[in-house]
Amino acid sequence: EAVQRVNRKREYAADRVAARVTNSKTFAAALVKFHYFTAQWEDLQKTATRTLTQGKLPANISTWLSDAMSQPIDFLTISRITGVSISHPTDSHPSLSKRLHNIQENIDTIVAETCEVTPADTAIRLIPGVERLEEELSAAYRLILASSLKIDDARQRHDQNPADTVQ
């Protein structure tokens, strides 16, 4: 318990520093997005598992993920996650509402900043041959996921009918 108290104090202190280095609204919006996208990632993992068992995972999973993550964030979903804490194997972060309160922000004051999720340009464009690299990484991901699900036949996209893939 004493270790958790020290960790919480450090996390709150780190949040306050981050809010001063950027500004509290920008940092608060980043915290909200982090919590929101953690939940989205878990949902996408479930979808990936379901679609892989059907033999329908896309060739480029990062594009699939990016498309899913670039959908507008709705305020109702955000308001549901404010009391949620994100667990980590070695610690537990304070809930989103407590972290926002710590930097003197609340969800109502940062809605506009939070709901904007599409960057003007992405850093991925700086990597030459990124599409081929992403397809190779996606193939590896499919194999790892198939192995964890004990699926013998983790077919590669070129073996699949393009109509059978998830977009």
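The chain has seven helices and two strands. Both are DSSP runs numbered from the N terminus: H or I of at least four residues for helices, E of at least two for strands. From the N terminus on, the order is α-α-α-α-β-β-α-α-α.

Some ground rules. This is a predicted model, where local features need pLDDT of at least 70, side-chain atom pairs count only at pLDDT 80 or more, and totals for chains, interfaces and linings use all residues. Residues are numbered from 1 along each chain as its sequence is written, and side-chain values use heavy atoms, with hydrogens and water left out.

Overall numbers next. Of the 167 residues, 31% are buried. Buried means under 20% relative accessible area, exposed means over 50%, and partly exposed is in between, with a 1.4 Å probe and protein chains only. Contact means heavy atoms within 4.5 Å. Among contacts between residues at least 6 apart in sequence, 75% join residues at least 24 apart.

Now the packing. At what angle do H2 and H7 pack? About 80°, with the axes 10 Å apart; H2 spans residues 24-53 and H7 spans 130-148. Axes are lines fitted to C-alpha atoms, for helices over the stretch in contact, and angles run from 0 to 180 degrees between N-to-C directions. H2 and H7 are therefore roughly perpendicular, a label for 65 to 115 degrees. From H2, Gln45, Ala48, Thr49 and Leu52 meet Tyr141, Arg142, Leu145 and Ala146 of H7. That contact divides into five nonpolar, two polar and one charged residue.

On to the cores. A nonpolar core is a set of buried Ala, Val, Leu, Ile, Met, Phe, Trp, Tyr and Cys residues joined through side-chain atoms within 4.5 Å. The largest has 14 residues; those touching the most other members include Leu31, Leu100 and Ile103. H2, H4 (75-81) and H5 (96-102) each give two or more residues. H2 gives the largest share, five. Apart from this core lies another, of seven residues, including Ala48, Leu57, Ile61 and Ala146.

Last, Asparagine 106. It is found in the loop between H5 and H6 (111-115). Asparagine 106 is partly exposed, at 37% relative accessible area.

How values were computed:
Angles under 35 degrees count as roughly parallel, over 145 as roughly antiparallel, 65 to 115 as roughly perpendicular and the rest as oblique. Ala, Val, Leu, Ile, Met, Phe, Trp, Tyr, Cys and Pro count as nonpolar, Asp, Glu, Lys and Arg as charged, and the others, Gly among them, as polar.
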